[in-house]
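This report describes how one chain is built and how it meets its partner, and it begins after the structure shown here.

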Amino acid sequence: MTGTQPNLQKKICMLGSFGVGKTSLVRRFVESVFSETYLTTVGVKIDKKIVALGDRTMTLILWDVAGEDDISPLKMSYVRGAAGYVLVADGTRQPTLDVALSIRQRIEAEYGALPFVLLLNKSDLREQWQIAPQTLEELPSKGCTARLSSARTGEGVEQAFRDLALAISR
Amino acid sequence: MRDLPQPIADALEEAVFGERAVAYLQIDDANLAVIGAGGDLANYGLELAHPGQPVLEHAFFLEGLLPLAETPYVMPAVEVARGRSADLHFYRDDNCLWLVLLDVTAERDQSRRMQQKAYEMTLLEEKQAQLNRRLEATNAELRATQRDLLSSREALQLAHDRIQTELSDAAKYVRSLLPPPQTEPFAIDWRFTTCSELGGDAFGYHWIDRKHFALYLLDVCGHGVSPCLMSVGILHVLQSASLRDVDFRDPERVLAALNASYQMINLEDLFFTLWYGVYCPDTRRLDYSSAGHPPALLLDRGGARMQRLGSGSPPIGCMPNARYVGQHVEVPPRSKLYLFSDGAFEIQLPSGAMLNYEEFLECVRRAAMAHDHSDVDHLCDELMGLRACAAVEDDVSIVRFAF
């Protein structure tokens, strides 16, 4: 016997508008790779990754859910059973932040408050950045804070999943 | 099966199984255990799910879903393993939960191709819209900058016009200080042309007493208001004879006194050239001295003899201890004396070369001999005709005395 606690397994959903980089973030987190080729997700793709949390481990079952667009809203059935979720917005496309915040509202209405992290992805594309600092300053009043991430460089990716896992484990 | 003939029912069953790779799990969702399994389980990576085993070990995609209260329940297009996508159908009977998996990989791929095109188009349109907004913003900035530039240009033009007006007024003022041409007791004529930036030329002549007549021409270095003001000040000194303890009949003393009063180190580096003479009609003697100024020209009646009346002394204001030499000459009857500023002969020709000084002297000689009274006009016209550009770069002063 070691001192390690039994493995926990939790479902995490990747949610956001289409083309914000959800699949790329999962690939960066699970496989430590990044591809410039954009490949849209249909339905949901499932991966898993084990993270160490002190003397415990947690297996994250990552549901990479197809992005929301004007025609196809998020299928809330995919979120059923999730212990937490990652909201992803594209920092170079302002409307994707609005979509992310809207998804959060719908989830809370359907499943109640769940742990989540909000990522402003593509932080490496600063010259195309569209989200004003003032918008970020106003987020805490809406009950969330945003953190920057880049699936291309890996900035903020590992830490975001780890922090979410910790929030779920509490 | 809905009263279908057996062959048709068999064919449909075969089609469903063939295309959909039907598989199922029978689950005790209260204990999260597999009760039974069947169908094409390998298609979904579930071939090792056997009765009695923990269901989440094999079907980890069910994490969080069990126990499932709401049935029937469908979760569409879930990519479960090996790139295969399935619709997950959940049903419940009295004892257990049934999960039926129907393969939709082909439909998913078809949808992906269409969706890919649509999203790429949408992203391109968004990018184009962003670029358009940036272009519009940049255009707006450019227009604003252009407006600012136009305003600045208008302000500059107004300032320039005002300065030109003031320079023109200053030139008029200098001209108003010059003595008028005269005919008695000897004829004096002159032409004074200022450059656009205003130079530092000035001249004058007046009776010092009943026997002595002063004549002078000065040129302050540089262009603009400062040289102009300085030339006016010196003109006033000479006209009013306001140098203490100086006999204005003595050119050498006058120049020395001016040099003592107007050192360039005290005057923003301004200095000036001066030709100063005193003519006594009774004796026909002309005393003169020059401080770096072009020599005056004295021509006898026929123009055969031309004397250059100058000296090698430096301009006034350059050297505190400069010496100025007084000289004199006898003026023959009906001779002409010409005073110039350097603007009169520093002329750029159309070829780009400068006018040769000897050629200038010939111009003076020709004008003096051919035209008794209108020599100054003819000389000015000829010199102006030689210029490559109509505008003069420096003040031009020509004064002629016919003794």
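## Basis and overall make-up

Helices (H or I, at least four residues) and strands (E, at least two) are DSSP runs, numbered from the N terminus. On that basis, chain B has seven helices and 15 strands. This is a predicted model, in which local features need pLDDT of at least 70 and side-chain atom pairs count only at pLDDT 80 or more, while totals for chains, interfaces and linings use all residues. Residues are numbered from 1 along each chain as its sequence is written, and chains are lettered from A and ligands numbered from 1 in the order in which they are written.

A residue is buried if 20 or more other C-beta atoms lie within 10 Å of its own, exposed if 12 or fewer, and partly exposed in between, with C-beta atoms placed from the backbone. Of the 403 residues of chain B, 31% count as buried.

## Where chain B touches chain A

Contact requires that the C-beta atoms of two residues, placed from the backbone, lie within 7 Å; by this criterion, 21 residues of chain B are in contact with 19 residues of chain A. On the chain B side, β3 (73-81) and α3 (105-177) each supply at least two residues, and α3(B) gives the most, with eight residues.

Strand β2 (residues 44-53) of chain A is joined to β3(B) by two bridges, and these strands run parallel, where pairing means that DSSP finds at least two bridges between two strands. Val78(B), in β3(B), is the bridge partner of Val44(A).

Asp109(B) lies in helix α3 of chain B and is exposed, because 12 other C-beta atoms lie within 10 Å. Asp109(B) and Ser85(B) are 24 residues apart in sequence, and their C-alpha atoms are 9.3 Å apart in space.
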